[in-house]
Amino acid sequence: MAKYKLEYIWLDGYEPVPNLRSKTTIKDFDSFPTLEQLPMWNFDGSSTQQAEGGSSDCLLKPVAVFPDTTRKNGALVMCEVLMPDGSPHASNSRATILDDPGAWFGFEQEYFLMHNKRPLGFPDEGYPGPQGPYYTGVGYNQVGDIARQIVEEHLDLCLDAGINHEGINAEVAKGQWEFQIFGKGSKSAADQMWVARYILARLCEKYDVDVEWHCKPIKGDWNGSGMHCNFSTAFMRDTGGKEYFEKLMGAFDKYKNEHIAVYGPDNHLRLTGLHETQSIDKFNYGVANRGASIRIPHSFVNSGYKGYLEDRRPNSQGDPYKIASRILQTVATVPAA
Ligand code: ADP
Ligand code: MN
Ligand code: MN
Ligand code: MN
């Protein structure tokens with residue numbers, strides 16, 4: 001028997017962007033616990049905008065568990081929030097995702113690392129040199145001092161946790177970075193993304209650094225932050241075809257406002273038609289077109305309109321649960337004939 005430190009993590013009820021919350025419970029296990037072994041728990045929803053004071057208990061239902069190597073016998077437990085009767089809480093966006101084991105998602109999370117409200121590597125006043133050398137750059141001028149150390153430590157913590165990172169890169173703006181996470185099943189990549197965000201925010205505490213998730217933290221000629229969503233279903237990968245693809249894009253056009261509504265706040269500041277984006281009120285798609293709403297990889301066309309697509313509109317502050325949920329809802333309107 002060992003005492004395990006279980007960090008139960010959930011999303012609060014703040015709008016338009018939920019915050020990560022967590023607290024620890026200590027339990028005895030013979031070895032690292034499986035999801036089935038983890039008990040339900042509860043919290044005071046009146047402190048998280050999820051309940052009134054008179055009846056404040058909300059339930060935490062574990063949905064994914066990851067080793068936490070920052071702690072002896074540590075586990076990170078991602079949870080859904082339920083009402084006392086066991087039904088999903090209104091804030092529980094995960095519960096709205098259609099179950100589809102054949103759906104695959106890859107999210108590309110961009111973010112800024114900030115100290116004293118300024119991106120790492122920015123001078124105390126004014127601006128560094130213009131964008132150009134920073135994307136995938138190397139050297140002190142390109143990436144500054146502690147940024148790479150944080151990014152590397154975050155990568156290792158995530159890999160130790162079993163989170164399926166696919167890569168990292170320095171981004172176009174100074175102090176801006178990206179990591180990519182891929183998962184099979186309609187909820188897996190989104191679960192992993194929230195836990196990876198949690199690990200990054202917690203890691204940065206000791207460096208006196210904040211993660212800036214907002215999609216346009218620096219005004220002017222500086223890139224905003226997106227969270228491109230790459231997606232495919234079993235039908236898209238195995239059957240696909242041009243006719244199906246065109247019907248699918250018709251549905252994405254039809255529901256463009258519903259998509260933008262869950263693709264993160266303040267997206268009009270980022271989706272301007274500049275900086276590798278399409279403007280927020282337009283929908284288009286194009287092969288290898290980084291100025292399109294949806295980019296079609298060359299491989300998709302070359303293999304007969306089969307494979308995955310990249311929705312470039314979701315922003316860095318978007319809830320991956322809501323994004324996955326909306327995409328699968330739109331896909332479901334198109335008959336896979
Ligand atoms: P770029 O920066 O060129 O847009 P990245 O390499 O950063 O591309 O991200 C590509 C993403 O696509 C990765 O997160 C990867 O996991 C994801 N991906 C690859 N194949 C599929 C697939 N079949 N279904 C869903 N996502 C996929
Ligand atoms: Mn990328
Ligand atoms: Mn990027
Ligand atoms: Mn991309």
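This is a predicted model: local features need pLDDT of at least 70, side-chain atom pairs count only at pLDDT 80 or more; totals for chains, interfaces and linings use all residues.
1. Helix H2. The helix runs over residues 147-161 and has 15 residues. From its first C-alpha to its last it reaches 21 Å, close to the 21 Å expected at 1.5 Å a residue. Gly162 follows H2, and its phi is positive, near 85°.

2. The buried face. Which residues of H2 are buried? They are Ala147, Ile150, Val151, His154, Leu155, Leu157, Cys158 and Ala161. These residues cover an arc of only 165° around the axis, so they sit on the same side of H2. The general rule behind such spacing is that an α-helix has 3.6 residues a turn, so residues three or four places apart point the same way.

3. What covers that face. Strands and helices both contribute to the cover over the buried residues of H2. The strands include S4 (57-68), S6 (104-115), S8 (165-170) and S9 (176-184). The helices include H1 (140-143) and H3 (188-205).

4. The manganese site. The manganese ion (ligand 2) has Glu108 (OE) and Glu178 (OE) as its protein donors. They lie 2.2 to 2.3 Å from the ion. Glu108 belongs to strand S6 and Glu178 to strand S9, so the pair ties together parts that are 70 residues apart in sequence.

5. The manganese ion (ligand 3) is 3.8 Å from the manganese ion (ligand 2). Glu178 coordinates both.

6. Glu108 has 15% relative accessibility, so Glu108 counts as buried. Glu178 has 5%, so Glu178 counts as buried too.

Note on methods
Residues are numbered from 1 along each chain as its sequence is written. Chains are lettered from A and ligands numbered from 1 in the order in which they are written. Side-chain values use heavy atoms; hydrogens and water are left out. Helices (H or I, at least four residues) and strands (E, at least two) are DSSP runs, numbered from the N terminus. The expected span of a helix is 1.5 Å times one less than its number of residues. Buried means under 20% relative accessible area, exposed over 50%, partly exposed in between (1.4 Å probe, protein chains only). The arc is that of the directions from the helix axis to the C-beta atoms. Contact means heavy atoms within 4.5 Å. Donors are N, O and S atoms within 2.8 Å of the metal (3.2 Å for Na, K and Ca); water is not among the atoms, so sites may look incomplete.
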